[in-house]
Amino acid sequence: MSDIFTQLRNIGIIPVVAINDATKAVSLAKALSKGSLPAVEITFRTNGAEQAIKAISSECSEILVGAGTVINVEQAERAKKAGASFIVSPGYKEDVVQYCLDNDIPVMPGVSNASEIEAALSHNLTHIKLFPAEVLGGVKMIDALSGPFPQVSFMPTGGVNTQNLSDYARRKNVFCMGGTWMVKADLINGEKWEEITTLSKQAVKNLHGFKIEHVGINVADSDSADEIASTFSLFGFEKRSGSSSIFASDSIEIMKERGRGTNGHLCILTHNVERALAYLDNFGFKPIMESAKYFGEKEKSAMKVVYLDKEIGGFAVHLKKD
């Protein structure tokens, strides 16, 4: 069951779809996957939900498909039979939760307050949906809940969009987000698959928030490093010396001795290092785990920084949590 939550964390954004015509489900799922969002939550708000789940689960093995807006046991049973890999409900419903637990189906009940979170925790459910997220206060609510419930990870849904996506993605207690902007009804009904793919790609870009923080330059020795840093001062870049390098401004680091990379390294910021690694794995990049550093104890905390196993243009690359 935990594998599902890891997959959802790695994907990061779960498109929440209300689909009337189940014959469009497979094309929709493929459009999302092409945009690097290989997951979909089909809501039980339409008559086509069950057949849509069945079509995606049987024809798109690479897509993680779940059922959303499940408000009773009968819908949960139908969703399971159709092939849903997980179940999401808008609120906390004890009988739905119990059915899913009894049948070994990952479930994310919706919560909106501390009492409902405690009800979920009474069943050892630590991955739950926060709904409606923005109405409840958005990231301020997420931050407030992190204190009394450090063991809980949320899937905020309701009001998540391209403008606030990055704010949610940075939170350590957010494992994924539910969103609808890339799967609006007019796009699905009009079979605008390329537009859905484009919107999905943009969502993934915002999800990771990749940005170069600084460039590290390898030189022969500390004297050479100091000389180069002094040259950069001609441009008004302040020189700042450290134990292993000299910074000429915040974005240029000159190494006092050769570090990783043929020419040096690139430090790339991202909102979530583990999620970024899962994404980059699709393109052949692996982490060098002995280079990893963590926030706090390794086995209990998020990754802070890690180098990748491939160079780009002669530069090693390390990811860093922003």
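**Terms and values**

Author: Phe247 stands opposite Glu253 in strand E13. The model is predicted, so local features need pLDDT of at least 70 and side-chain atom pairs count only at pLDDT 80 or more, while totals for chains, interfaces and linings use all residues. Residues are numbered from 1 along each chain as its sequence is written, and side-chain values use heavy atoms, with hydrogens and water left out.

Reader: What makes E12 and E13 a pair?

Author: Two strands (E, DSSP runs of at least two residues, numbered from the N terminus) pair if DSSP finds at least two bridges between them. E12 (residues 245-248) and E13 have three, in the antiparallel sense, so they are a pair by that rule. E10 (residues 211-217) is also joined to E13 by three bridges, but runs parallel to E13; there, Val215 stands opposite Ile252.

Reader: Why are both faces of E13 called covered?

Author: In a regular strand the side chains alternate between the two faces of the sheet. In E13 (residues 252-255), Ile252 and Ile254 lie on one side, Glu253 and Met255 on the other, and all are buried. Buried means under 20% relative accessible area (1.4 Å probe, protein chains only), so each of the four falls under that limit.

Reader: Which residues does Leu28 touch, not counting residues up to four places away in sequence?

Author: Contact means heavy atoms within 4.5 Å. By that rule Leu28 touches Val17, Ile19, Val183, Ile188, Trp193 and Ile196.

Methods. Buried < 20%, exposed > 50% of the residue type's maximum accessible area, 1.4 Å probe, protein only.
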